[in-house]
Structures are given as structure tokens and as C-alpha cells.
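Hi everyone, thanks for making time.

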Amino acid sequence: MPKSVIEVRNCWFKYRGGLKWVLKEVSLDIEEGSFNLVVGSTGSGKTTLLRLFNGLIPWFYRGEFRGSVRVNGVDTRSASIAELSKYVGMVSQEPENQLLTFSVESEVAFGLENVGLRPSEILSKVNSVLKELGLDKLRYKVPHELSRGEMLKVAIASVLALDPNIIVLDEPTSTLEPLTAVDLMNLLNYLKRECGKTVVISEHRVEYALPFVDNVIVLSDGRALVYRDVRSLVSEGVLSSIDVDEPTLITLFKALKNAGYCSKIPLSVAEAIELLRGILGC
Ligand SMILES: Nc1ncnc2c1ncn2[C@@H]1O[C@H](COP(=O)(O)OP(=O)(O)OP(=O)(O)O)[C@@H](O)[C@H]1O
Ligand SMILES: [Mg+2]
């Protein structure tokens, strides 16, 4: 049995002053080393769900919280946000708000200074994270003057510096150019495959993530359903039923499948090319 690094049990959450339960009876497990995608229409509670994973709920966002969340076996009610940040690195929907210093280097060092590491350890950690993410050349740049994609990478680097085993990103591709979005997904997949990280992202535009994800968490009316068979999820039209735009590639191949030209729906462009070769006999 794969180990669960996040265990959500019968969680309910209503923001202080809010009238409705944003999350209702949510129970799910995030497995170690898996790539997870959270989807749902605007206001369905994606960001709220992610806030459970690093203790922002119940510690920062007040309201009525029922149920329990364990991260690496630790109940988020019994640990501080600072302690949980060693396990979960969170990149918010507006990464620029997360960038606090005047150089990429000091940005990545910031969290390490706060946990009291020695300067030599900080330097070696900063060097290795910048190298790993290909950010060496931006080392002395001002984070707020970078492109969106670069800013996002710096925000990822600064949470990775603390070496969390889980990394959570809220709608990371929402303002990225298509090629930068593809780049980002490749990076997250690298972090999963080569560094053993567990990745959780929420997204509206799912086409970039679909080739890589192991599980999809669908939020609808405050409830969460986990799909471990991503191909069935897209084939059965679950995305359109929750108001998430179906990637064009999938719509096209559904039509081809209905017309009897193929039996499978591709999750990536590479798979689509393979299927088209079969259809065209080349
Ligand atoms: N800090 C807050 N205080 C009060 N209500 C909030 C707060 N944050 C979110 N909400 C409410 O909770 C509900 C779910 O919001 P949430 O941001 O989690 O949805 P979302 O799926 O992330 O939406 P989007 O796709 O627009 O990012 C909404 O009705 C929202 O207005
Ligand atoms: Mg959101």
C-alpha cells in the first residue's frame, strides 16, 4: 500500500462570517510521490482545500472547521504553520505577493535564514536549488522585475530550499504563456520523478497538467471525488460537467472515437500523434 502523506478525514469548513460550507465531508488521501490535480469551477473551493494542506486553515483563515488533516502523520491542529512549512511548500495564486526581497538569491535564502541555518549551509543550499531550477543566471536580479514564469520559478525555489516533501501550487499556469506552462509542468514532473516530491496543483486550464497527473480531485458543491483513472475521467466528460474547459485535443479525439476511428483518448500531444499515426496508417 502506498503511504499517504496527506490524510483528510471528514473535513468541513465555513469561513468566518460566511453563510455556506465551502468544504463538506471531504475525505481523501494524497499518496507519497504522486502528482495530483485539483479541479472545479470558480468558487468551488480549490484554494480552500489547498489551505487545509499546510495548516493555513485553521491557523490563518478563521471559521468553523470540523474533521482532521494529517500531514506526514502530524495533525495540522497540533502543529504550527512554521512547523508544517517544513513538510509542505506552498506557492500561492499570486506568487509575486510571496516575493519579499530584492534579489533572487536572497529570496531563496529567506526561509533558510528564518529557520536559523548557518551561513555556509544557507549558501550551499541556495547554490544547489538555483542550479537545480536553472536559475543561476537570475541570481542577482530583482524578483519583481522578472517575467511571470521566472517569478513562479523563484517562488518554487524558495519553498524547495526548505526541502519539503510536498509541494502545493494554486493555479500556477493561470497567467503563463503556453510554452512556459509546458516548461513548468515538466519541472513539477521532474521534482516528482527525480526528487521524490509529492505534487498537488489546482488548475482551471487542465491540458498542461493532464499528461503528468496520477490523480484528479474533483470539487463540486463542496464535496471532493478522487479519480485515480485520469483517462476515464476525461473520456466520461467529467470535466465539462463541472464547468472546466475540456482540452481541444480531447474533444477532437472523442469525436474520432465516436466515429469509430480510435478506441482511446490521448492525455498528451505525444500520445495523440501516436494515435493519429495508427488512424492514418503511417
Ligand atoms: N478568505 C475568505 N473569506 C471568506 N470567504 C472566502 C475566503 N476565501 C474564499 N472564500 C469563499 O469560499 C468559496 C470558495 O473559494 P475558493 O477561493 O476556495 O474557490 P476556488 O475554487 O479556488 O475559486 P477560483 O477558481 O476562483 O480560484 C467562495 O465562495 C469564496 O468566496
Ligand atoms: Mg482559487
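Okay, let's start with two helices. Helix α4, residues 104–114, and helix α6, residues 148–160, have axes that come within 7 Å and cross at roughly 35°. Axes here are lines fitted to C-alpha atoms, for helices over the stretch in contact, and angles run from 0 to 180 degrees between N-to-C directions. Helices (H or I, at least four residues) and strands (E, at least two) are DSSP runs, numbered from the N terminus.

Before I go on, two housekeeping notes. This is a predicted model, where local features need pLDDT of at least 70, side-chain atom pairs count only at pLDDT 80 or more, and totals for chains, interfaces and linings use all residues. Residues are numbered from 1 along each chain as its sequence is written, while chains are lettered from A and ligands numbered from 1 in the order in which they are written.

Back to our pair: α4 passes α6 in a right-handed crossing, meaning the near helix is turned clockwise from the far one by less than a right angle. Who makes the contact? On α4 that's Val-104, Glu-107, Val-108, Phe-110 and Gly-111, and on α6 it's Val-154, Ala-157 and Ser-158. Contact means C-beta atoms, placed from the backbone, within 7 Å. By class, we get 5 nonpolar, 2 polar and 1 charged residues. For the classes, Ala, Val, Leu, Ile, Met, Phe, Trp, Tyr, Cys and Pro count as nonpolar, Asp, Glu, Lys and Arg as charged, and the others, Gly among them, as polar.

α6 also lies across β6 and β7 (166–170), running at about 160° to β6. That takes us to a sheet: an open one of 6 strands, ordered β6-β7-β8-β3-β9-β10, with mixed pairing. Strands pair if DSSP finds at least two bridges between them. At the edges are β6 (88–91) and β10, each pairing on one side only. The twist averages 15° from one strand to the next.

Now follow β9 (residues 215–220) into β10 (residues 223–227). These two run antiparallel, joined by 5 bridges. Val-218 has Leu-225 as its bridge partner in β10, and Ile-217 stands opposite Val-226. Together the strands form a hairpin with 2 residues between them, and Asp-221 in the turn has a positive phi of about 50°.

There's another open sheet, with 4 strands in the order β2-β1-β4-β5 and antiparallel pairing. Its edge strands, β2 (23–31) and β5 (74–75), have a single partner each, so one side of each is left without a neighbour in the sheet. Helix α1 (residues 46–53) packs on this sheet, touching β1 (4–15), β2 and β4, and its direction makes about 125° with that of β1.

Let's zoom in on β1, where Cys-11 is found. Is Cys-11 buried or exposed? It counts as buried because it has 21 C-beta neighbours inside 10 Å; the cut-offs are 20 or more other C-beta atoms within 10 Å for buried, 12 or fewer for exposed, and partly exposed in between, with C-beta atoms placed from the backbone. Among the residues Cys-11 touches are Leu-23, Leu-52 and Val-69.

Last stop, ligand 1. Residues around ligand 1 include Tyr-15, Gly-40, Lys-46 and Tyr-61, with "near" meaning a C-beta atom, placed from the backbone, within 6 Å. The largest share of that shell, 3 residues, comes from α1. The shell divides into 3 nonpolar, 8 polar and 1 charged.

Key
Contact = placed C-beta atoms within 7 Å. Lists of a residue's contacts leave out its neighbours within four places in sequence.
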